[in-house]
Amino acid sequence: MFHTDRFFYFGHQEAAGGSSLHTIKHTLVRVSVSPLDKMVSSVLIVNLTQDWVDSLQRWHLDFFFIPTTVVTLATLLANPVLVTCIFLSRALRQETRYLLVANTLTADMLFLILNLAMLICNTVRIHIPWLVCELITAVTVTTCCSAILTVTLMVVDTYAAVRWPLRYHDILPPARTHCILVGVWVLAALYPFTLMIMMEVERGNTNEKVAVCLVLISLGFIQLKHMIGIYIYFFVAAVICALLIFYCYIRLYMVTRTQGIWQSRYSRARVTLLAHGVLLLLYFTPCFVFALELFLFHRKDISQDIRVWINTINMCVFMLLPRVFAPYLYGLRYREISVTLMQLLHQHRRLNSQITVS
């Protein structure tokens with residue numbers, strides 16, 4: 001029978017018939033992907049998710065469900081209102097910066113919905129098919145990457161508006177912005193879904209269900225076979241975004257430093273720069289923490305409880321912070337959005353008054 005060579009992680013386990021294979025610690029060994037290997041892989045996934053549930057119960061980390069739910073619902077109330085304001089106003093949806101804001105808020109809403117759905121399933125101990133968990137992971141990574149790419153483009157857009165004010169609308173008309181946003185989603189979805197398809201093709205038809213569905217566990221097992229590809233993908237994306245952001249901010253300061261807008265301590269330029277910086281920090285910090293989680297995922301000298309704690313805090317706190325502040329730092333700070341929102345509220349009240357009178 002023909003078997004393709006693949007990487008498989010054994011950790012501390014000892015293979016059956018210990019005379020042929022010895023205990024392997026902290027290393028990757030090359031074995032054949034046979035039906036037996038697929039069965040062992042399925043058992044490892046099920047056992048790991050069950051151990052994860054035991055750690056959650058031992059430390060009562062399910063209580064993170066309460067603040068996560070409250071914060072998520074509050075954000076899901078604000079984001080749709082702002083997105084609706086942008087798309088109902090012809091003037092706003094013709095502006096590149098507002099389209100970028102709408103795309104960021106939309107990606108955040110999808111992320112929050114998926115994150116809350118996974119949290120609910122994990123809390124009530126619903127066993128999810130592994131294929132469904134992988135699909136949720138791919139969509140979650142896509143929404144997160146799309147939000148980060150869009151936030152990066154917002155910095156580039158600000159630089160273009162300041163650097164070429166007269167040609168700005170010719171450089172970024174609405175039609176071109178729409179194409180850019182489609183490209184952002186395609187780019188964000190390409191690698192996660194490619195990995196998911198490759199893993200399903202390699203694993204074949206497996207019907208195992210897992211006790212807990214987490215992006216870390218899904219990517220952790222994918223990383224066993226595609227470690228270099230995952231690190232290159234996230235590293236290159238992070239470097240490109242960081243270089244673009246730093247370049248644009250440095251150039252913005254150099255272009256505007258002689259215009260006097262930085263003289264006042266509380267000038268709009270300083271406040272805008274501070275808001276952008278805080279939000280960028282909030283978006284990028286959870287990604288670096290997640291990279292640390294992926295690294296610790298394969299370290300057997302790290303306690304399982306430590307991994308569970310880090311992942312829970314990252315998913316229930318750090319990942320939510322930028323999505324909580326985004327509607328206020330990016331949305332309501334724009335005067336045009338605030339004015340449009342007040343107009344819509346005024347029209348709604350007037351319509352209700354007319355219905356009540358009639």
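Cys133 is buried, at 1% relative accessibility, where buried means under 20% relative accessible area, exposed over 50% and partly exposed in between (1.4 Å probe, protein chains only). Cys213 is also buried, with a relative accessible area of 0%. The model is predicted, so local features need pLDDT of at least 70 and side-chain atom pairs count only at pLDDT 80 or more, while totals for chains, interfaces and linings use all residues. Residues are numbered from 1 along each chain as its sequence is written, and side-chain values use heavy atoms, with hydrogens and water left out.

A disulfide is a covalent bond between the sulfur atoms of two cysteines. Here a disulfide is defined as a pair of cysteine sulfur atoms within 2.5 Å. The structure holds one disulfide. Cys133 and Cys213 form a disulfide, with sulfur atoms 2.2 Å apart. The torsion about their S-S bond is about 100°, so the disulfide is right-handed. The two residues are 80 apart and link distant parts of the chain: Cys133 lies in helix α4, and Cys213 in the loop between β4 (209-210) and α7 (215-256). Helices (H or I, at least four residues) and strands (E, at least two) are DSSP runs, numbered from the N terminus.

Other cysteines follow. Cys241 is in no disulfide, and the nearest cysteine sulfur, that of Cys145, is 8.9 Å away. The sulfur of Cys287 is 4.6 Å from the closest cysteine sulfur, in Cys144, which is too far for a bond. The table gives their accessibility.

| Residue | Relative accessible area | Class |
|---|---|---|
| Cys144 | 10% | buried |
| Cys241 | 5% | buried |
| Cys287 | 25% | partly exposed |

Cys144 is found in helix α4 (residues 130-163). Leaving aside neighbours within four places in sequence, Cys144 is in contact (heavy atoms within 4.5 Å) with Phe111 and Arg323. The charged end of Arg323 sits over the ring of Phe111, 4.2 Å from the ring centre; this requires NZ of Lys or CZ of Arg within 6 Å of the ring centre and within 35 degrees of the ring normal.

The whole structure has five aromatic pairs. Rings of Phe, Tyr and Trp (its six-membered ring) pair if their centres lie within 6.5 Å; planes under 30 degrees apart count as stacked, over 60 as edge-to-face and the rest as tilted. Phe64 and Trp309 form an edge-to-face pair, 6.5 Å centre to centre with 85° between the planes. Phe64 lies in the loop between α1 (35-58) and α2 (65-88) and Trp309 in helix α9 (residues 304-318), so the pair ties together parts 245 residues apart in sequence.
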